[in-house]
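Student: Could you take me through one part of this model closely? I would like to look at the open sheet and what surrounds it.

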Amino acid sequence: MATEKASARTTSTAGGRLPDGTPRLHIDSLLDDRAVHVIVCCGSGGVGKTTVAASLALRAAERGRKVCVMTIDPAKRLAQSMGLTELDNTPRAVNGVIPCDGANSGRLDAMMLDMKRTFDEIVQSHQDTERAQAILDNPFYQALSSSFAGTQEYMAMEKLGQLRNAAATTGQWDLIVVDTPPSRSALDFLDAPQRLGSFLDGRLMRLLAAPARGAGKLTGKIVTVGFTVVTGTITKVIGAQVLKDLQLFVASFDAMFGGFRERAEATYRQLQAPDTRFIVVAAPDRDALREASYFVERLATEQMPLSGLVLNRVATVPLPQLTRETAIAGADRLDEAGEHAVVSGMLRLHADKMQLAKSQRRMAERFCSAHPSVAVATAAALPGDVHDLDGLREVGQALAND
Amino acid sequence: MSDRNKPHAPRGTPAPRSGDWPKVQLHVVSGKGGTGKTTVAGALAIALATGGRRVLLMEVEGRQGIAQMFDVPPLPYEERPIAIAPGGGDVYALAVDPEAALLEYLEMFYGMKRSASALRKLGAIDFATTIAPGLRDVLLTGKAIEAVRRADQGRHPAYDAIVMDAPPTGRISRFLNVSSEVGNLAKVGPIKNQAESVMAVIRSPRTAVHMVTLLEEMPVQETLDGIEELHEAKLPVGAVIVNMLRVPRLSPPSLEAASEGRLDRADIEAGLLAAGLPKNLNLDKATDALIDEATDHAERVTLEQSQRIRLNEANRPIYELPEMAGGIDLSALYSLAKMLRQQGAC
């Protein structure tokens, strides 16, 4: 018990006792670091990324930073509490920011990402009205911009680039906090834009686009044969009209971007900028921590700066010295005697909590021993939903005090 | 569970092919990320196989969640047995790989296997399986329908039921409806026919889309939105499965007392003494801590109750599964399967 208590003091008051020696993620040092201009919150779906991103943004603003937070699909009530009533890509001031002493310069703007609108805006900014409309009306563009796996990630990065530019030119923000799309895998955020970019820029698209530009460009027998097989197959499988739509789409897109891949790569490189930090958010369960592991390893490979792991929704144990076994034995004793039913229930409740905390700790330990240098901050599981600024403030406080 | 939600009538001893979905062959399991839909799909597969039936559990998102859950090596694109259900049933598993499904499809319908390598070199396979509007989803749903149809066509191995661990709530309608959309995009041609025959099964009473949720604001909202979308797309909505429910340890009056801060301290201290807790435990601190835990629990249960009322608006059968405090392992899956059966899922 003695070692557990010691580690509880050094790493956590939230009950998520991490292995001794696990470095702490100092949230306030991160938020106060004026050299940091972008914080990206990543993680698999359902771990509370949006809440963590919004909490960090609010805390930074109340500590004097000028912050813009980009959220993706926040809970309705949380969005309303931040004044986000419309999904319109426009950052709006959040009312109710309470600056700490001497931090009056702080402010918070929030926006919700509209994936399709972001894509449409790119098209409109690169084309005259008529050609832009032709692209916007193309069925392939509509499918691509509204439903493809990967588009949301791409647009999130695109929007981040726009916000970063706006911040640099107007000085209206000195910190941008971004939430990332609820992908099945956290890695999608890094991979999807390039996948989409290299597809749009790839050989197949060039081949498909060729007839619309005049087949004369197709020289070389191999290419021609390959082309015939492909278009033949596609025509056979999906029909000629579809192929025509597709070719038109590719041709107009190609003319517009002259290198979608380059654009995707440039956006990607922004994530390696020295003023960017990543935070990986996970819940203490097997799936989420496995995703977090992949992501941490990937960031290291890509030389993208990881600040640390936020372990969210950790079960709190206010009385760790009362073991699960003792609590159950006590409850059994009361039940046998047929008295104090309420206390018996409370003891069983405590036993449940101890078991949950133990299983969570096992998961967290596995992660920490695999990644001993990753700094960790924990936030306790709250009994209710976070749906207002007070709730966000509470989460931010918990992360900072961890 | 004093205030359990019981929207369906209690049933007697379950006979084979009884339960709430006797006609359903394709069980599609969706849910928001983090709600445990893979776990529920696994438990449902075991439950459906119970008593000697053969069930295929399909995974379509390439994350090998089924293999991890059943503690077996990563699944290939091949149907193989992974679990035996109580009473002798078999659960088979298949991780559908879009690329393999595409090649299989091209071969089956067009005898085109040999052009596969040319297609791959040009990136056409990548195109079809990752980017092409919905083609990937056509292949994935198409594979499920192919498995459903085997029984009609007398082909082997035929299954009594297919359980699909499907994409999350936000994408499920689009995923299932993809064949009809591709059908609209392709006005004529073989893919149009294929799309129509897939939709004929998906829109029929042979399919049910079940939604897994937690009793929390976001997942419940997504579930209700998802059900509405399914209705609009004329897709058959199945049950709502509430997962990771807290086991209520206090009676409703005690819960009320806890949430209003009216728990009697002296009473609790007396109870703790009667429970014979270790002498070194500080009674005062222990009482504080247990009251805190009870208050949090009461708040949580109150939240769950308000969300349960919202879920009832959907007017679907609701099954409830508890949080497994020890985590999800094989024995937990079998327990969950049993609970699904007891509540009439099959």
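Tutor: Start with a term: pLDDT is the predictor's confidence in each residue, on a scale from 0 to 100. You need it here, as this is a predicted model. Chain B has a mean pLDDT of 85, and 85% of its residues reach 70 or more. For the complex, the predictor gives an ipTM of 0.80 and a pTM of 0.81. One stretch calls for care. Residues 1-15 of chain B stay under 50 in pLDDT. Where pLDDT is low, the predicted coordinates should not be read in detail.

Now the sheet. It belongs to chain A, is open, and has eight strands. Trace them in the order 3-4-2-5-1-6-7-8; the pairing is mixed. At the edges sit strand 3 (92-93) and strand 8 (376-380) of chain A, each pairing on one side only.

Find A:Val38: opposite stands A:Ile176, in strand 5 of chain A.

Next, look at what crosses the sheet. Helix 14 (residues 286-301) of chain A lies across strand 1, strand 6 (276-282) and strand 7 (306-314) of chain A. Helix 14 of chain A runs at about 160° to strand 6 of chain A.

Last, the packing. The largest nonpolar core has 206 residues. Among those with the most contacts inside this core are A:Ala57, A:Val280 and B:Ile162. Helix 16 (residues 341-370) of chain A gives the most to the core, with 13 residues. Over in chain B, B:Ile162 touches residues including B:Leu26, B:Met58 and B:Ala144.

Terms used
Residues are numbered from 1 along each chain as its sequence is written. Chains are lettered from A and ligands numbered from 1 in the order in which they are written. This is a predicted model: local features need pLDDT of at least 70, side-chain atom pairs count only at pLDDT 80 or more; totals for chains, interfaces and linings use all residues. Two strands pair if DSSP finds at least two bridges between them. Helices (H or I, at least four residues) and strands (E, at least two) are DSSP runs, numbered from the N terminus. Two residues are in contact if their C-beta atoms, placed from the backbone, lie within 7 Å. Axes are lines fitted to C-alpha atoms, for helices over the stretch in contact, and angles run from 0 to 180 degrees between N-to-C directions. A nonpolar core is a set of buried Ala, Val, Leu, Ile, Met, Phe, Trp, Tyr and Cys residues joined through C-beta atoms within 7 Å. A residue is buried if 20 or more other C-beta atoms lie within 10 Å of its own, exposed if 12 or fewer, and partly exposed in between; C-beta atoms are placed from the backbone. Lists of a residue's contacts leave out its neighbours within four places in sequence.
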